[in-house]
Amino acid sequence: MRLAVHEDFVGLQDLYFESTKHANQVGYIDRPELFDEEDFLPYIDAEEFYCFDIKGRIVGGARLTEVDPPPTIWADEESQFLYVGRLATSDSVRNTQFFPRVMLPEIVEVAKQRDKVGLRLSCLGNNQRLVDFYSRLGFNNLGMAQIFSSFYQKHVHVARFERSV
């Protein structure tokens, strides 16, 4: 795992295009449009975006931040948790245990280095496959929160998860 740099933009855009295509095929359109530089560069500049590479190709990505990113779904303003967002894996590693065996342990290490007590993440509440996946990985399902989706133009439910490190 490494911090993303501006030169990673094309590789990240390819990764998220692939991930979005997969999400749309299985019916969970939580990334409705392509990511552009405005989506990635602020995270990269803030040193919040990480890449996971295999043989020089970006096959995983995640945003790791110490503040609850908008739209806010957590009640506390100061958290002892690392927020994990914008998770994506490429088709080449999806369903291969890459996330639980490679990405998750490295994300846990970042949380420990930052003296965090745990990780927090969320997903669309109706994505039962992903809800079950996070639960199998030891994340506690803390229930639903409601946020306004600019894509759907309505409120949607998101499942919130927490795991100690």
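Asp53 is partly exposed at 34% relative accessibility, a class that falls between buried (under 20% relative accessible area) and exposed (over 50%), computed with a 1.4 Å probe on protein chains only. The model is predicted, so local features need pLDDT of at least 70 and side-chain atom pairs count only at pLDDT 80 or more, while totals for chains, interfaces and linings use all residues. Residues are numbered from 1 along each chain as its sequence is written, and side-chain values use heavy atoms, with hydrogens and water left out.

Nine salt bridges are present in the structure, each defined as a side-chain nitrogen of Lys or Arg within 4 Å of a carboxyl oxygen of Asp or Glu. In one of them, Asp53 pairs with Arg2, with 2.5 Å between the closest N and O atoms. Because Asp53 lies in strand 2 (residues 49-54) and Arg2 in strand 1 (residues 2-3), this pair ties together parts 51 residues apart in sequence; strands (E, at least two residues) and helices (H or I, at least four) are DSSP runs numbered from the N terminus. Arg2 is also partly exposed, at 29%. A network of salt bridges links Arg2, Asp53 and Asp8.

Glu66, partly exposed with a relative accessible area of 37%, forms a salt bridge with Arg114 at an N to O distance of 3.4 Å. Glu66 belongs to the loop between strand 3 (57-65) and strand 4 (81-89), and Arg114 to the loop between helix 3 (98-113) and strand 5 (118-124), 48 residues apart. Arg114 is partly exposed at 25%. A salt bridge also joins Glu66 to Lys116 (3.4 Å, N to O). Lys116 is buried, at 12% relative accessibility.
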